[in-house]
Amino acid sequence: MATEKELSDFLKSVERRAFKRSVYHVRDEEAALDIVQDSMMKLAEHYGDKPANELPMLFQRILSNCTLDWFRRQKTRRALFSNMSDFESADDGDFDLLENFVSPTDSLETESAEDTTRRAQVFHEIEEQIAALPGRQREAFLMRYWEEMDVAETAAAMGCSEGSVKTHCSRAVHALSKALKAKGISL
């Protein structure tokens, strides 16, 4: 059984990554905050008594379900209130990857303006291509390579087989590689 401190520490450790993942999916920072908060509340309410080693998988599954629920609500809202769309905010909740990028080395070296601009352009292209992926491919790709989850964990969180996760990831990587190569970007 997870202690209150273990649950609190776990939630603190996943908060930032869960938010980034949600922003990539919903493209709205406020909605992403709501999704993460709702997921954390559900984990604490319903699964706080589970062993600490089960919390990561449970949280990923809850986060995925909350994100899907958000999309379902948006679809319903759009269907019901499509004629009122002119009154909605034009805020698209831009997520700037560069604002959240942490350099792999904490060196005191500074890069040139040209390098900074080039890096910003590459990150922007990568971000656009990830956003353009089909939903399941994007979800599998982000869990595997952003959240650093293994295939079994990703399959459990997505509610599909390990083979499906591998297929989604492979297709995502190939699509990203092809799209970036077409734009002259090689990593």
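The following legends describe close-up views of a predicted model of a single chain.

**Figure 1. Overall helical content of the chain.** The predicted chain contains eight helices and zero strands. Followed along the sequence, the order of elements reads α-α-α-α-α-α-α-α. The chain has 187 residues, of which 34% are classed as buried. Its accessible surface amounts to about 12,000 Å², and carbon and sulfur atoms account for 52% of that area. When contacts between residues at least 6 apart in sequence are considered, 68% of them link residues at least 24 apart.

**Figure 2. Packing of helix H1 against helix H2.** Helix H1 spans residues 4–26, and helix H2 spans residues 29–47. The axes of H1 and H2 come within 8 Å and cross at roughly 145 degrees. The crossing of H1 and H2 is right-handed. On the H1 side, the contact is formed by Leu 7, Phe 10, Leu 11, Val 14, Glu 15, Ala 18, Phe 19, Ser 22, Val 23 and Val 26. Sorted by class, the contact of H1 with H2 comprises 16 nonpolar, one polar and two charged residues.

**Figure 3. Arg 27 in the loop between H1 and H2.** Arg 27 belongs to the loop that lies between H1 and H2. Its backbone has a positive phi of about 60 degrees, although Arg 27 is not a glycine. As background, most residues other than glycine have a negative phi. Arg 27 has a relative accessibility of 27% and therefore counts as partly exposed.

Figure 4. Ala 31 is located in helix H2. The relative accessible area of Ala 31 is 8%, so this residue is buried. Apart from neighbours within four places in sequence, Ala 31 contacts Val 26 and Trp 70.

Figure 5. His 25 is part of helix H1. With a relative accessibility of 10%, His 25 falls under the 20% limit and therefore counts as buried. Once residues up to four places away in sequence are set aside, His 25 touches Thr 67, Phe 71, Arg 138, Glu 139 and Leu 142. Among these partners, Phe 71 and Thr 67 lie within the residue range of helix H3, 55–80. Glu 139, another of the residues touched by His 25, also takes part in the contact of H6 with H7.

**Figure 6. Pro 56 in helix H3.** Helix H3 covers residues 55–80 and includes Pro 56. Pro 56 has a relative accessible area of 33% and is therefore partly exposed. Leu 43 is 13 residues from Pro 56 in sequence, and the C-alpha to C-alpha distance between them is 9.9 Å.

**Figure 7. Crossing of helix H5 and helix H8.** Helix H5 consists of residues 113–132 and helix H8 of residues 162–182. The axes of H5 and H8 come within 10 Å and cross at roughly 140 degrees. This angle makes H5 oblique to H8. The crossing of H5 and H8 is right-handed. Glu 125, Ile 126, Gln 129 and Ile 130 of H5 make the contact with Leu 176, Ala 179 and Leu 180 of H8. By class, the contact of H5 with H8 contains five nonpolar, one polar and one charged residues.

**Figure 8. Crossing of helix H6 and helix H7.** Helix H6 runs over residues 135–146 and helix H7 over residues 151–158. Their axes come within 10 Å and cross at roughly 140 degrees. H6 and H7 are therefore oblique to each other. The handedness of the crossing of H6 and H7 is right-handed. Arg 136, Glu 139, Ala 140, Met 143 and Arg 144 of H6 meet Val 151, Thr 154, Ala 157 and Met 158 of H7. The residues in the contact of H6 with H7 comprise five nonpolar, one polar and three charged.

How values were computed
Residues are numbered from 1 along each chain as its sequence is written. This is a predicted model: local features need pLDDT of at least 70, side-chain atom pairs count only at pLDDT 80 or more; totals for chains, interfaces and linings use all residues. Side-chain values use heavy atoms; hydrogens and water are left out. Axes are lines fitted to C-alpha atoms, for helices over the stretch in contact, and angles run from 0 to 180 degrees between N-to-C directions. Helices (H or I, at least four residues) and strands (E, at least two) are DSSP runs, numbered from the N terminus. Angles under 35 degrees count as roughly parallel, over 145 as roughly antiparallel, 65 to 115 as roughly perpendicular and the rest as oblique. A crossing is left-handed if the near helix is turned anticlockwise from the far one by less than a right angle, and right-handed if clockwise. Contact means heavy atoms within 4.5 Å. Ala, Val, Leu, Ile, Met, Phe, Trp, Tyr, Cys and Pro count as nonpolar, Asp, Glu, Lys and Arg as charged, and the others, Gly among them, as polar. Buried means under 20% relative accessible area, exposed over 50%, partly exposed in between (1.4 Å probe, protein chains only). Accessible areas come from the Shrake-Rupley method with a 1.4 Å probe; for residues, only the protein chains shown count as cover.
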